[in-house]
Amino acid sequence: MAADPYAIDAPCYDAVHGEGGEDLDFWLPFVAEHGGPVLEVGAGTGRIALPLARAGHAVTALDPSPAMLAIARERASTEGLPLTFLEGRLPGAGLPPAAFATVILPNDVLLACSAPGEQAAALRAAATALAPHGRLALDVAGPGHWLDPEGNGESILAFSGELEGESLAVWHTRHDDIPAQTRRLRIRYELTSADGALRTTASEHVLRYVTRTEIASMLDSAGLRVLDVWGDYSLGALTNASERLMVTAELAERSS
């Protein structure tokens with residue numbers, strides 16, 4: 001079995017990302033409109049899956065990280081929420097066909113499919129898992145938040161706060177490659193205890209950035225018809241300055 005890709009990130013994830021998030025104002029109404037069962041791809045520690053379950057939806061949380069899912073399972077168990085958890089990623093998760101009314105890929109999850117052809121394969125797998133007329137929505141970095149090689153190698157303080165009585169600082173260092181459309185992101189976690197002792201860990205992830213045109217082409221090839229495109233969680237128009245790129249699609253009629 002492959003090593004857990006987010007084992008280092010998991011213990012700090014909730015401290016950094018917190019509860020809720022402005023994107024919930026998009027995901028909760030979207031799922032409420034189209035119904036369940038719902039599949040969240042890249043569910044992590046349950047930041048979105050748990051609120052969906054609290055709202056009464058049947059949720060399957062898919063993630064490649066056992067460490068992330070362990071946290072999500074514990075949180076769901078504490079609240080008595082009946083989520084289904086699956087360890088894996090798209091493609092290759094072995095999902096039942098035509099099982100979900102809604103599939104969501106929030107917060108750059110599609111970008112984590114960085115191997116050649118992996119994004120298209122992930123969307124094909126998602127389409128296979130959708131029931132007739134099912135809906136899919138994804139959220140990735142928009143034109144105003146795209147790759148920028150001028151910042152390569154610069155360490156940026158992405159978060160400063162507390163974690164279980166210790167001070168936590170999170171530093172991001174990136175290497176952006178525009179021709180390859182990739183970002184290699186190194187995340188360094190610095191934990192300082194009350195007595196001043198410092199512990200440092202680091203993870204590295206590769207993201208493949210994608211344009212609106214590419215997304216539309218991949219969705220079409222997967223048998224999904226684009227419905228709407230937005231530039232923020234409040235359904236604003238996509239512009240050159242938009243930090244997010246939101247796309248929704250519907251499963252086209254399958255030929256008999």
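How many bridges join strand 5 to strand 11, and in which sense do the two strands run? In this predicted model, strand 5 and strand 11 run antiparallel and are joined by seven bridges. Within this pairing, Asp139 has Met246 of strand 11 as its bridge partner. Strand 5 also pairs with strand 4, here in the parallel sense and over five bridges, and Phe100 is found opposite Leu130 of strand 5. Between strand 4 and strand 5 the chain passes through helix 5, forming a β-α-β crossover that is right-handed. Of the 12 residues of strand 5, nine are buried, and the strand is therefore largely enclosed by the rest of the structure.

The nonpolar interior was examined next. In soluble globular proteins, nonpolar side chains tend to be buried together. The largest nonpolar core of the model comprises 37 residues, and those with the most contacts inside it are Val103, Leu123, Leu136, Leu138 and Leu224. At least two residues of this core come from each of strand 1 (38-41), strand 4 (100-105), helix 5 (118-129), strand 5 (130-141), helix 6 (212-221) and strand 11 (244-251). Helix 5, with six residues, gives the most to this core. The surroundings of Leu123 illustrate the packing: when residues up to four places away in sequence are not counted, Leu123 touches Leu105, Leu110, Leu136, Leu138, Met218, Leu219, Ala222 and Leu224.

Helix 2, which spans residues 24-34, has both buried and exposed positions. An α-helix has 3.6 residues a turn, so residues three or four places apart point the same way. The buried residues of helix 2 are Leu24, Phe26, Trp27, Phe30, Val31 and His34. Because these residues cover an arc of only 155° around the axis, they lie on the same side of helix 2. Asp25, Ala32 and Glu33, by contrast, are exposed on the other side of the helix. The buried residues of helix 2 pack against several elements, namely strand 1, helix 3 (49-54), strand 4, strand 5, strand 10 (224-230) and strand 11; strand 4 and strand 5 are also the two strands linked by the right-handed crossover. Just after helix 2, Gly35 adopts a positive phi of about 80°.

Definitions and conventions: Residues numbered from 1 in each chain as written. Predicted model: local features only at pLDDT ≥ 70, side-chain atom pairs only at ≥ 80, totals over all residues. Heavy atoms only, no water. Core = buried A, V, L, I, M, F, W, Y, C linked by side-chain atoms within 4.5 Å. Buried < 20%, exposed > 50% of the residue type's maximum accessible area, 1.4 Å probe, protein only. Helix = DSSP H or I, 4+ residues; strand = E, 2+ residues; numbered from the N terminus. Contact = heavy atoms within 4.5 Å. Pairing = 2+ DSSP bridges. Right-handed = clockwise from strand over helix to strand, strands pointing away. Arc of directions from axis to C-beta.
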